Amino acid sequence: MTDFKGNILIVEDEALVAANYSDHLEPLGYHCRIVNNVAQALTIIKMESFNLLICDHDLPDGKGIDLITALRNLGWKTPVCYLSAAQNTVLKEIQDLAEISVVLSKPVDKEDLCKAVEENALDEIPNQPSCINTKEREMLSKVFPFCKS
């Protein structure tokens, strides 16, 4: 049995794809939590901490990059593995953002995913905001309307 290496949040709206990622990473020692949209990601991030976020670009209630940018603006430091089936030019623009640790093009190869996680997951979970306060909720509601009080 592999030693526990950390917690990973997978934000992916395709259930089978997310389960596939988890199936690749759990034997390496990672505990994976799966959510399928931005709202669920914001909820779980308030309750748990993660060594790495794996985030899809196109989600049912927003873009992954908007989620990551909002979290960074709130002080979140967790590394991000960003996934997208978008055109290479879109991926290049996203890759140049400081908020993203690594960008992978879908469909993601098992070895590429595992390598990206192993190279970017933090050994220790950083101190991060434990909840989203009223001011932060107002900022998020400008990007994600469902965040309104």
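Buried here means under 20% relative accessible area, and partly exposed means between that and the 50% above which a residue is exposed. Keep in mind that the model is predicted.

**Stop 1: D56 and K106.** Select D56, which has a relative accessible area of 5% and so is buried.

**Stop 2: the next peptide bond.** Stay at K106 and select P107. The peptide bond that joins K106 and P107 is cis, with omega about -5°. P107 is found in the loop between β7 and α5 (110-120).

**Stop 3: strand β6.** Select residues 80-84. Are the faces of β6 covered or open? Both are covered: V80, Y82 and S84 are buried on one side, C81 and L83 on the other.

Next, show the neighbours of β6. Strand β3 (residues 52-56) runs parallel to β6, joined to it by four bridges. C55 has Y82 as its bridge partner in β6. Strand β7 (residues 102-105) also pairs with β6 in the parallel sense, over four bridges. There, S84 has S105 as its bridge partner in β7.

**Stop 4: helix α3.** Select residues 64-73. Which residues of α3 are buried? They are G64, I65, L67, I68, A70 and L71. An α-helix has 3.6 residues a turn, so residues three or four places apart point the same way. After the helix, click G75: its phi is positive, near 100°.

**Stop 5: K63 and D58.** Select both side chains. They meet in a salt bridge, 2.2 Å from N to O. K63 is partly exposed at 35% relative accessibility, and D58 is partly exposed at 40%. Now select E12 together with D56 and K106: salt bridges that share partners join these three into one network.

**Stop 6: E48 and R33.** How many salt bridges does a search of the whole structure find? It finds five. One more to select is E48 with R33, whose side chains meet at 3.3 Å, N to O. E48 lies in the loop between α2 (38-47) and β3, and R33 in strand β2 (residues 30-35), so the pair ties together parts 15 residues apart in sequence. Both are partly exposed: E48 has a relative accessible area of 25%, and R33 of 31%.

Methods
Residues numbered from 1 in each chain as written. Predicted model: local features only at pLDDT ≥ 70, side-chain atom pairs only at ≥ 80, totals over all residues. Heavy atoms only, no water. Buried < 20%, exposed > 50% of the residue type's maximum accessible area, 1.4 Å probe, protein only. Helix = DSSP H or I, 4+ residues; strand = E, 2+ residues; numbered from the N terminus. Pairing = 2+ DSSP bridges. Salt bridge = Lys/Arg side-chain N within 4 Å of Asp/Glu carboxyl O.
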